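Here are my notes on the model you sent. Please read them with the coordinates open.

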Amino acid sequence: MVDQPCTSCGAIDSTVAIRSPDHLRDVLDAVKGCLRSGAITEMRKGTVSVLEIEPDGPRPDFIASDFQCCRCGRRYELRVETFHGAGGTWKPSR
Ligand SMILES: [Zn+2]
């Protein structure tokens, strides 16, 4: 396990408590941006790939995906229970 993030994943290397649907959308946008730029890759898909979740469309009840930085191998995870309307976390995996 790498102790420090690299320049690719440093911008997303923080624990984020997701507290609202708007906040979730912002986090999803950031994650999608990193996926599309090739900075990170989605390792294990939950019910759907994060890339398939529409910003304002229906969302799966659970979002549970793991990600890995393509440069340094640092791992991240996204866990959200969307049916509660809020409540989730983006964080580096330890
Ligand atoms: Zn990295």
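1. Start at the segment after S5, where Ser-93 is found. Ser-93 counts as buried, because its relative accessibility is 15% and the cut-off for buried is under 20%. Look also at Thr-15. Ser-93 and Thr-15 are 78 residues apart in sequence, yet their C-alpha atoms are 9.6 Å apart in space.

2. This is a predicted model, so a word on confidence. The mean pLDDT of the protein is 88. Of its residues, 91% reach 70 or more. Among the elements, S5 has the highest mean pLDDT, at 96. Strand S2 (residues 40-44) has the lowest, at 90. Where pLDDT is low, predicted coordinates should not be read in detail.

3. Next, the metal. Which residues are the protein donors of the zinc ion? They are Cys-6, Cys-9, Cys-69 and Cys-72, each through SG. These donors lie 2.2 to 2.3 Å from the zinc ion. The site is tetrahedral, with angles of 104 to 114° among its 4 donor atoms. In sequence, the donor residues follow the spacing C-x2-C-x59-C-x2-C. Distant parts of the chain are linked here: Cys-9 sits in the segment before strand S1 (16-18), and Cys-69 in strand S3 (residues 62-69), 60 residues apart.

4. Leaving aside neighbours within four places in sequence, Cys-9 is in contact with Cys-69, Cys-72, Arg-74 and Tyr-76.

5. Now the aromatic rings. How many aromatic pairs does the structure hold? There are 2. One is Phe-67 with Trp-90: the ring centres are 5.5 Å apart and the planes stand at 45°, so this pair is tilted. Phe-67 lies in strand S3 and Trp-90 in strand S5 (residues 88-92), so the pair ties together parts that are 23 residues apart in sequence. Both Phe-67 and Trp-90 are buried.

6. The other pair is Tyr-76 with Trp-90. Their ring centres are 5.5 Å apart and their planes are at 5°, so the pair is stacked. Tyr-76 lies in strand S4 (residues 75-81) and Trp-90 in S5, so this pair ties together parts 14 residues apart in sequence. Both Tyr-76 and Trp-90 are buried. Phe-67, Tyr-76 and Trp-90 form one aromatic cluster.

7. On to the nonpolar core. The largest one has 22 residues. Which members touch the most other members? They are Val-31, Ile-40, Val-50, Ile-63, Phe-67, Leu-78 and Trp-90. Helix H1 (21-37), S3 and S4 are the elements that give two or more residues to this core. H1 supplies the largest share, 6 residues. As a general point, nonpolar side chains tend to be buried together in soluble globular proteins.

8. Val-50 deserves a look. Not counting residues up to four places away in sequence, Val-50 touches Leu-28, Val-31, Lys-32, Leu-35, Glu-42, Ile-63, Ser-65, Phe-67 and Leu-78.

9. Compare Val-48, which lies in the loop between S2 and S3.

10. Last, Gly-57. Its place is in the loop between S2 and S3. Gly-57 is partly exposed, with a relative accessible area of 24%. Where does Arg-74 lie relative to Gly-57? The two are 17 residues apart in sequence and 30 Å apart in space, C-alpha to C-alpha.

Technical notes: Residues are numbered from 1 along each chain as its sequence is written. This is a predicted model: local features need pLDDT of at least 70, side-chain atom pairs count only at pLDDT 80 or more; totals for chains, interfaces and linings use all residues. Side-chain values use heavy atoms; hydrogens and water are left out. Donors are N, O and S atoms within 2.8 Å of the metal (3.2 Å for Na, K and Ca); water is not among the atoms, so sites may look incomplete. Four donors count as tetrahedral if all angles lie between 85 and 135 degrees; four count as square planar and six as octahedral if opposite donors are over 155 degrees apart and all others between 65 and 115; anything else is irregular. Helices (H or I, at least four residues) and strands (E, at least two) are DSSP runs, numbered from the N terminus. Rings of Phe, Tyr and Trp (its six-membered ring) pair if their centres lie within 6.5 Å; planes under 30 degrees apart count as stacked, over 60 as edge-to-face and the rest as tilted. Buried means under 20% relative accessible area, exposed over 50%, partly exposed in between (1.4 Å probe, protein chains only). A nonpolar core is a set of buried Ala, Val, Leu, Ile, Met, Phe, Trp, Tyr and Cys residues joined through side-chain atoms within 4.5 Å. Contact means heavy atoms within 4.5 Å. pLDDT is the predictor's confidence in each residue, from 0 to 100.
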